[in-house]
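Here is a walk through one fold, piece by piece. Have a look at the model first, then read on.

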Amino acid sequence: MIASINTWYQALSQREKILIGVAALLSALALVVLVSMGLLSAISAKQADYYAALERRAQIVNRVAAMDAKAVNRTDQNSSLQQLISQSAAEAGFALDRADAPHGNIVDIAMAKAKPSALMSWLNAWEAQGVVVQKIDIKAGNDGTVSMTASLARPAS
């Protein structure tokens with residue numbers, strides 16, 4: 001079969017050979033364009049799916065944060081701030097060295113070791129619930145952790 005195609009091609013004039021070459025080149029170009037359009041279309045569809053998934057994740061995270069805030073707000077207001085902070089620190093994986101409540105609405109805490117980002121997130125969560133950081137002292141450790149002493153206060157309501 002290849003021999004018969006070769007014989008046919010050799011029998012063509014130079015002009016016909018050029019036209020066959022141009023036709024083959026245009027066919028290959030059309031095939032490349034069609035394949036690339038299909039790939040770009042698939043990429044665009046996956047990108048849209050990805051962004052939709054990101055939006056759904058953001059909505060879920062916001063809902064969970066709202067539910068957490070409601071749950072914390074529902075905790076008994078008569079519970080001592082010291083008890084709530086100690087419990088929250090334990091749930092977040094922090095080891096409190098000290099949690100003293102010299103006054104009813106003020107708690108002095110100390111941590112020997114905490115990751116900075118986790119500590120700031122934990123403090124921000126308390127600030128979102130209305131607990132104010134009155135004073136704080138954070139010192140860097142050698143292993144990428146920090147030590148912290150702080151006074152947290154809940155405004156009298």
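## Starting point: helix 3

Buried here means under 20% relative accessible area, exposed over 50%, and partly exposed in between, with a 1.4 Å probe and protein chains only. This is a predicted model, in which local features need pLDDT of at least 70 and side-chain atom pairs count only at pLDDT 80 or more, while totals for chains, interfaces and linings use all residues. Residues are numbered from 1 along each chain as its sequence is written, and side-chain values use heavy atoms, with hydrogens and water left out.

The buried set in helix 3 is L81, L84, I85, S88 and A89. They cover an arc of only 130° around the axis, which puts them on the same side of helix 3; the arc is that of the directions from the helix axis to the C-beta atoms. Helices (H or I, at least four residues) and strands (E, at least two) are DSSP runs, numbered from the N terminus. Just past the end of helix 3, G93 adopts a positive phi of about 90°.

Helix 3 (residues 81-92) lies across strand 1, strand 2 and strand 4 (146-153), and runs at about 165° to strand 1. Axes are lines fitted to C-alpha atoms, for helices over the stretch in contact, and angles run from 0 to 180 degrees between N-to-C directions. The cover over its buried residues includes strand 1, strand 2, helix 4 (116-128) and strand 4. Contact means heavy atoms within 4.5 Å.

Which residues does Q82 touch, leaving aside its neighbours within four places in sequence? Q82 is in contact with A99, D100, A101 and V107. Q82 sits in helix 3 and, at 30% relative accessibility, counts as partly exposed. The C-alpha atoms of Q82 and I109 are separated by 8.8 Å, with the two residues 27 apart along the chain.

Four strands make an open sheet in the order 1-2-4-3, with antiparallel pairing. Strand 1 and strand 3 (132-140) stand at the edges with a single partner strand each, so one side of each is left without a neighbour in the sheet. Neighbouring strands of this sheet are turned by 10° against each other on average, direction ignored. Two strands pair if DSSP finds at least two bridges between them.

Going across the sheet, strand 1 (residues 96-103) and strand 2 (residues 106-114) pair over five bridges in the antiparallel sense, and a hairpin of two residues joins them. R98 stands opposite A110 in strand 2, and H103 has I106 as its bridge partner there. Strand 2 and strand 4 run antiparallel and are joined by seven bridges, with A114 partnered by V146. Strand 3 and strand 4 pair antiparallel over eight bridges, and K139 stands opposite S147. In their hairpin, with five residues between the strands, G144 takes a positive phi near 80°. As for strand 4, six of its eight residues are buried, so it is largely enclosed by the rest of the structure.

## Helix 4

Is the face of helix 4 holding L119, W122, L123 and W126 buried or exposed? Those four are the buried residues of helix 4. Seen down the helix axis, they fall within an arc of 95°, so they line one face. On the other side of helix 4, S117 and A128 are exposed. Helix 3, strand 2, strand 3 and strand 4 are among the elements covering the buried residues of helix 4. After helix 4 comes G130, with a positive phi near 95°.

## The core

The largest nonpolar core has 19 residues, and those with the most contacts inside it are I85, F94, I109, M111, L119, W122 and W126. A nonpolar core is a set of buried Ala, Val, Leu, Ile, Met, Phe, Trp, Tyr and Cys residues joined through side-chain atoms within 4.5 Å. The elements that give two or more residues to this core are helix 3, strand 2, helix 4 and strand 4.

Leaving aside its neighbours within four places in sequence, F94 is in contact with A89, M111, A114, A118, L119 and W122.
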